[in-house]
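The exercises below are meant to be worked with the sequence and the coordinates side by side. Try each task before reading its solution.

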Amino acid sequence: MTKTLFVASAVHSMTGTDDTVSNAVLVDGAKIVAVGSVDDLRARDDAKGVKIVDFGGGVIAPGLTDSHSHPISGATADALGVDLTGSVSMREAQQRLKDYAATVPAGEWVYAWGLDPTLYHGGPLVFEPFADIIGDRHCVIAFADMHSLLVSPAVLKAAGISGPVDFPNSSASIACYPDGTPTGHVLEFEAKDLIYKVMPPLTEAQKVQRIVDVLGGMASTGLTGAHVMDLSDGDLALLAKAEESTDLGIKLRIHPVARQAMGSDISYLQALLGRHGRRWAVTGVKLFMDGSIDGGTAWLQEPDVHGDSDFSAWTDLDAYRGLMRNLITARIDTVAHAIGDKGVLTHVQVVSDLLKELGDVNGGAHGSHSIEHLEMMDDDTVRTVASSPLFVSMMPLHCTRFLLADHTDNWSRKLGEPREGYAFRTRTLVDEGATLAIGSDWPVAPYDPRATIADGMLRRPFNRPELGPVVPDEALTVQQLLDGYTRSCAVARGEAATSGKLAPGYTADLTVFGADPYALSAEEIGTMPILGTVIDGEVAYSA
């Protein structure tokens with residue numbers, strides 16, 4: 001195997017040890033041999049003839065891993081067309097769509113994504129604001145939460161939708177006006193599937209190229225890996241096709257979704273586990289406890305101000321417990337989407353009871369189990385989560401990019417007082433002892449970890465100083481956020497023995513910053529250069 005000495009000005013090993021004298025990492029093949037000073041490492045007997053990769057004034061850290069992302073579905077279905085993310089007014093969103101639609105040839109579908117429901121100022125989420133721009137064309141706009149779509153009348157007609165649709169045992173729906181006419185708002189996955197079935201498909205070559213491009217973009221921001229929270233038919237074939245001609249820009253660890261229709265049968269999921277390529281593998285399973293607060297499909301202990309968000313995505317909770325029992329007994333890692341406090345508490349109770357019954361700890365013989373999002377929790381709920389055996393994965397940009405300090409955003413309007421102030425309790429969870437992994441949920445929010453770290457420190461967009469912080473007491477430190485992308489992410493995903501640290505025997509995945517994030521302001525971290533990434537001991541990205 002090739003031995004390589006990666007050299008920089010400093011190292012942050014995330015091991016809790018003193019890295020003061022360390023500025024190099026010695027790698028043999030895909031594994032780290034030693035971390036220390038370049039002079040000491042070069043003097044080792046096993047470093048003779050070593051290849052040197054010098055990153056100059058850079059700072060080496062463990063490879064950053066996004067704990068929660070959707071790069072495949074984002075590239076091939078959910079992030080098509082024009083990006084509306086960050087539009088500060090409906091007028092801006094309309095103009096972006098209008099400008100883009102003018103470039104789309106007549107007869108072709110018009111796509112957009114990242115629409116913020118806050119632009120409706122508490123009104124119903126309907127297609128009407130875009131009707132004059134689109135006319136009789138086919139248009140699909142994905143809301144930022146990726147749990148719902150806006151579609152034009154032409155799309156509804158193509159899908160055979162002319163009124164309400166019944167989705168048994170599901171929170172999905174087709175929103176309609178009082179007269180039964182669809183508004184264009186399509187909520188949750190079973191309803192969205194009706195739209196996807198009539199959308200003109202991308203070719204295999206187009207899908208493969210878009211996946212490669214997205215993963216390359218992620219690598220350029222310092223990511224070396226991502227945990228993928230969905231899997232559609234054909235996705236693994238696309239990844240295999242991509243790897244016929246190139247290496248993926250980052251590692252992917254894929255978690256197919258367990259749907260209610262499966263009942264407690266895990267045979268389909270078991271058949272997927274272990275499938276892999278060079279830089280991807282199916283490693284766990286994802287479940288949904290609820291939907292989203294913005295869409296009114298979360299599961300809260302008390303309904304939102306409109307009387308919504310008072311039910312689970314699973315109508316049969318006994319079946320949910322049975323499925324979780326089978327997954328845990330089979331030693332399969334799981335993650336669970338739970339946004340509302342009732343969904344959070346229910347999943348925590350289910351997993352805690354099962355692990356206690358089995359006499360095991362989280363991350364032990366029966367797998368690693370995490371809960372995702374946890375957007376709204378009062379103090380009692382936070383304490384319950386933090387004292388439970390579950391690991392936690394959260395997305396700071398969901399807070400800073402979609403909530404406002406004055407609580408006039410859609411999320412806060414839906415909850416009202418006092419719950420609007422219980423937003424994204426990241427710091428309290430960490431202070432209470434929870435293991436917190438950090439993710440983006442791209443394409444819901446930007447995948448750049450520098451923006452996530454900077455925003456997480458400020459509790460506002462790092463590049464918008466005019467905006468005040470959202471619940472500022474929940475701000476994290478740079479050390480806590482880096483930990484969430486490295487050590488804690490590895491713990492939460494069952495990889496603590498091999499990943500998340502720079503130490504002998506660990507996988508040689510590295511991120512090289514252009515400056516020391518510990519010495520920078522949050523605003524500087526947001527635009528900090530990335531000099532390179534290393535995956536399994538090989539340079540994967542170089543600036």
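**Exercise 1. Locate D441, describe its backbone and state whether it is buried or exposed.**

Solution. D441 lies in the loop between β21 and α16, where helices (H or I, at least four residues) and strands (E, at least two) are DSSP runs, numbered from the N terminus. The model is a predicted one, in which local features need pLDDT of at least 70 and side-chain atom pairs count only at pLDDT 80 or more, while totals for chains, interfaces and linings use all residues. Residues are numbered from 1 along each chain as its sequence is written, and side-chain values use heavy atoms, with hydrogens and water left out. The phi of D441 is near 65°, a positive value in a residue other than glycine. D441 has a relative accessibility of 6% and therefore counts as buried (buried means under 20% relative accessible area, exposed over 50%, partly exposed in between, with a 1.4 Å probe and protein chains only). The loop between β21 (436-438) and α16 also holds P443, and the peptide bond from W442 to P443 is cis, with omega near 10°.

**Exercise 2. Which other backbone features of this kind can be found at M146 and at P418?**

Solution. M146, in the loop between β10 (139-143) and β11 (148-151), has a positive phi near 60°, and at 8% relative accessibility M146 counts as buried. P418 is found in the loop between α14 (410-415) and α15 (426-431), and the bond joining E417 to P418 is a cis peptide with omega of about -5°.

**Exercise 3. Why can helix α16 be called largely enclosed, and what follows the helix?**

Solution. Helix α16 spans residues 449-458, and eight of its 10 residues are buried, so the rest of the structure largely encloses this helix. The buried residues are P449, R450, A451, T452, I453, A454, D455 and G456. After α16 comes R459, whose phi is positive, near 60°. Further on, in the loop between α16 and α17 (478-485), lies P465, which is exposed, with a relative accessible area of 59%.

**Exercise 4. How do helices α11 and α12 pack against each other?**

Solution. Helix α11 (residues 341-358) and helix α12 (residues 379-386) pack at an angle of about 25°, with their axes 10 Å apart; axes are lines fitted to C-alpha atoms, for helices over the stretch in contact, and angles run from 0 to 180 degrees between N-to-C directions. This angle makes α11 roughly parallel to α12 (under 35 degrees counts as roughly parallel, over 145 as roughly antiparallel, 65 to 115 as roughly perpendicular and the rest as oblique). On the α11 side D341, V344, L345 and V348 meet T381, T384 and V385 of α12, contact meaning heavy atoms within 4.5 Å. These contact residues divide into four nonpolar, two polar and one charged (Ala, Val, Leu, Ile, Met, Phe, Trp, Tyr, Cys and Pro count as nonpolar, Asp, Glu, Lys and Arg as charged, and the others, Gly among them, as polar).

**Exercise 5. In what order do the five strands of the open sheet lie, and which are the edge strands?**

Solution. The order is β2-β6-β22-β23-β24, and the pairing is mixed; two strands pair if DSSP finds at least two bridges between them. At the edges are β2 (10-11) and β24 (538-542), each of which pairs on one side only. Strand β23 (residues 530-535) runs antiparallel to β24 and is joined to β24 by four bridges, with I535 standing opposite E538 in β24.
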